[in-house]
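Me: I have a new structure here and would like to go through it. Can you take a look with me?

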Amino acid sequence: MAVFNLSDYLTKRRKIIEEELQNVIKGIDEASGTLKRAMKYSLFSGGKRIRPIFAFAAAEAVGGTAKDALPAAIALELIHTYSLVHDDLPAMDDDDLRRGLPTSHKVFGEAQAVLAGDALLTKAFSVLTDFANNNINPKKLLMVAHEIAQAAGEQGMLGGQIADIESERKEIDLPSLEFIHIRKTGALILASIRSGAILVGTDEDKLGKLSKYGRNIGLAFQISDDILDVVGDKELMGKKPGQDHVKGKATYPALLGLSESRKMAEKLVEKAIETLSDFGKAAEPLRAIGTFIIERQS
Ligand code: GRG
């Protein structure tokens, strides 16, 4: 039996999302000027595309194809990109570099970066719902739009972001840190996985198991992000490590130490993979991505 090749899988799935995102940009009127340029700049600055890949892999795990998950994959990457553009703003993290390149506000100006982020967010839902014209079941699209909106909003990413900001330079306990990470990062990852499966169509049992996988993987992803900020390589990450400490951010390594944080991330991934025990070969990509997210260098 052929061994699953994650690197090959990631390359092929990334090709799909890159092409689709190029089409999204091509469809934007040149008259929107700086807005189009700033959207394009941040969308094509070297992201890992992990949320689209989760959506693709979840669709495949329930018997569909990667392309079934495209409406969600595109929307998720647009929303993720908006969140990074806004997170880098002077009013938030005030970062000069993202993925080794100057941040959006450094290139285009602060007001322009705010608007480019807003435009990416709104584009996500316009592209997603537009798939109703491509013979995709509108009910499924509506369910996915709701899923993603909930995950990106005050109950998810934004709720986590505000709790994160308000806990800077404060001592917080593990449940509060988990609250932040599950929302800030975990919610969108969970939505990626659920949306991919919803677009194919699956039963409650499988969706429940995928959700369990997604919750554990989402938290593990952010713990590994915290760890990378301590031990990561500047060149590989495209930004200076140690920023969480400088900014007084609540992180797993700050609270538990590096070794315990690593153990916790490994345990979460182990639990996530266990949940997929009756999915067979179709879930091989999800299993391999689980391990990848805690072994990654960027
Ligand atoms: C400001 C609207 C708003 C939301 C902020 C996502 C987020 C919430 C802030 C970004 C900063 C941060 C470290 C968030 C945690 C999520 C995370 C690990 C982002 C980086 O995701 P990757 O590793 O990034 O998938 P790439 O560069 O590969 O796309």
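Predicted model: local features only at pLDDT ≥ 70, side-chain atom pairs only at ≥ 80, totals over all residues.

Me: Ok. Where does the ligand sit?
Reply: The ligand sits in the largest pocket.

Me: How many residues surround the ligand, and which are the closest?
Reply: There are 21 residues around the ligand. Lys 48, Arg 51, His 80, Asp 87 and Arg 99 are the closest.

Me: And what are the distances to the side chains of Lys 48, Arg 51 and His 80?
Reply: For Lys 48, a side-chain N or O atom is 2.5 Å from an oxygen atom of the ligand. A polar side-chain atom of Arg 51 is 2.7 Å from a ligand oxygen. For His 80, a side-chain N or O atom is 2.7 Å from an oxygen atom of the ligand. Of the 700 Å² of accessible area that the ligand has on its own, the protein covers 92%.

Me: Which helix gives the most to the shell?
Reply: H4 does, with six residues. Helices that each supply at least two shell residues include H3 (50-61) and H9 (174-200).

Me: New topic: what is the phi of Arg 49?
Reply: Arg 49 is not a glycine, yet has a positive phi of about 60°. Most residues other than glycine have a negative phi.

Me: Where is Arg 49, and is Arg 49 buried or exposed?
Reply: Arg 49 is in the loop between H2 (34-43) and H3. Arg 49 is buried, because its relative accessible area of 2% is under 20%.

Me: And what about Asn 135, buried or exposed?
Reply: Asn 135 is exposed, at 79% relative accessibility. Asn 135 lies in the loop between H6 (110-130) and H7 (138-152), and has a positive phi of about 70°.

Key: Residues numbered from 1 in each chain as written. Heavy atoms only, no water. Near = heavy atom within 4 Å. Polar contact = N/O pair within 3.5 Å; in protein donor to acceptor, adjacent residues only side chain to side chain. Areas by Shrake-Rupley, 256 points an atom, 1.4 Å probe, with all protein chains shown as cover. 1 Å grid on protein atoms, 1.4 Å probe; cavity = no way out; pocket = protein on both sides within 12 Å on 5 of 7 lines; lining within 4 Å. Sits in = over half its atoms within 2 Å of the grid points. Helix = DSSP H or I, 4+ residues; strand = E, 2+ residues; numbered from the N terminus. Buried < 20%, exposed > 50% of the residue type's maximum accessible area, 1.4 Å probe, protein only.
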